[in-house]
Amino acid sequence: MNIVEVKNLSKKYNSNLAVDNISFDVKEGEIFGLLGPNGAGKSTTISMLACLLEPTSGDAFIDEKSVRKDPMGVKKVIGLIPQDIALYPTLSAKENLHFWGKMYGLSGSVIKKRSREILEIVGLSERAKDRIDTYSGGMKRRINIAAGLIHRPKLIMLDEPTVGIDPQTRINILETVINLNKMGMTIIYTSHYMEEVEMLCNRIAIMNEGKIIAMGTKDELRMLVGGKDIIRIDATDIHPRTSETLDTIDDVDKIKIIKNQIEILSDYGRRVLSSVISKLNELDVKIDSVKVQEPDLESVFIHLTGKSLRE
Ligand SMILES: Nc1ncnc2c1ncn2[C@@H]1O[C@H](COP(=O)(O)OP(=O)(O)OP(=O)(O)O)[C@@H](O)[C@H]1O
Ligand SMILES: [Mg+2]
């Protein structure tokens with residue numbers, strides 16, 4: 001069963017079409033990923049699904065309730081974990097959860113019981129009575145997630161929950177997302193980190209400039225690149241003519257240079273590798289490392305847009 005059905009949803013800010021006629025479904029029990037670079041329209045999409053922002057056109061149905069016609073109904077079903085921390089810094093974790101619980105009309109005893117469970121899930125039981133402004137960045141992220149869970153939503157939407165945090169907290173948050181899903185919650189997860197989305201999500205929509213440019217399982221998306229390999233080269237002193245020089249090699253399909261990384265798509269990664277390296281040597285490019293990989297979501301994105309997700 002579909003818990004989310006998005007139908008031709010658009011959002012215009014003045015003349016800027018931030019979300020451009022997107023449609024997708026999310027099945028109950030799925031972890032669904034929205035992957036895209038800065039400005040792709042991920043937060044705008046999430047905000048419309050959470051009834052914080054009115055669509056310019058189209059509609060979305062969550063648990064069969066329209067975000068346009070029944071925002072109160074939708075809000076009961078969803079938990080939104082926003083990109084920016086939305087909590088009272090001078091209140092403790094417990095007090096913040098109490099506040100959110102009251103907002104949802106829960107009784108004191110229910111809030112107390114659920115707060116205990118949720119603090120356990122996000123690993124903050126020990127710090128429950130401390131003020132949020134004494135928390136580390138990673139702990140703030142975790143309590144931010146907790147606040148979205150107090151009313152036991154069926155659907156949780158997390159908007160880039162791992163931006164700007166240390167690797168340990170990131171792993172912790174990804175594990176929390178997996179656990180919430182195992183407990184029966186459907187998840188929409190936005191990110192511009194393709195590794196996270198690849199690791200977490202059953203299905204993924206790739207967004208770019210307001211549009212969904214591809215959608216499917218990881219394997220389905222990889223097939224869009226065909227049998228192509230991706231060659232990733234870390235290098236320094238990258239010569240300005242590198243791209244056009246590599247382009248002269250037969251079987252080199254696409255080349256993208258971002259800072260100190262050269263990415264090359266080719267049907268025959270291993271075969272073209274020696275030509276690539278000798279061309280780079282001719283240009284006095286210093287090669288630090290070379291990898292030939294199967295296509296990943298990054299290569300899908302480059303294939304479809306000619307840009308990198310990380311730009
Ligand atoms: N309140 C606003 N007013 C005007 N334009 C906006 C507003 N919010 C977003 N935009 C524009 O809409 C587009 C999509 O922005 P959005 O925040 O949805 O992207 P995003 O995919 O979440 O990006 P990021 O990864 O940076 O969070 C951008 O061009 C942005 O400048
Ligand atoms: Mg955003």
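Cys201 is buried, as its relative accessible area is 8%; buried means under 20% relative accessible area, exposed over 50% and partly exposed in between, with a 1.4 Å probe and protein chains only. This is a predicted model, where local features need pLDDT of at least 70 and side-chain atom pairs count only at pLDDT 80 or more, while totals for chains, interfaces and linings use all residues. Residues are numbered from 1 along each chain as its sequence is written, and side-chain values use heavy atoms, with hydrogens and water left out.

| Residue | Relative accessibility |
|---|---|
| Cys51 | 15% |
| Cys201 | 8% |
| Glu196 | 3% |

The structure has zero disulfides, a disulfide being a pair of cysteine sulfur atoms within 2.5 Å.

Now to Glu196, which sits in helix H7 (residues 194-200); helices (H or I, at least four residues) and strands (E, at least two) are DSSP runs, numbered from the N terminus. Leaving out residues up to four places away in sequence, Glu196 touches Thr162, Arg170, Leu174, Tyr189 and Ser191, where contact means heavy atoms within 4.5 Å.

What about the lining of the largest pocket? By class, this lining has eleven nonpolar, four polar and two charged residues. Ala, Val, Leu, Ile, Met, Phe, Trp, Tyr, Cys and Pro count as nonpolar, Asp, Glu, Lys and Arg as charged, and the others, Gly among them, as polar.

Notes
Chains lettered and ligands numbered in written order.
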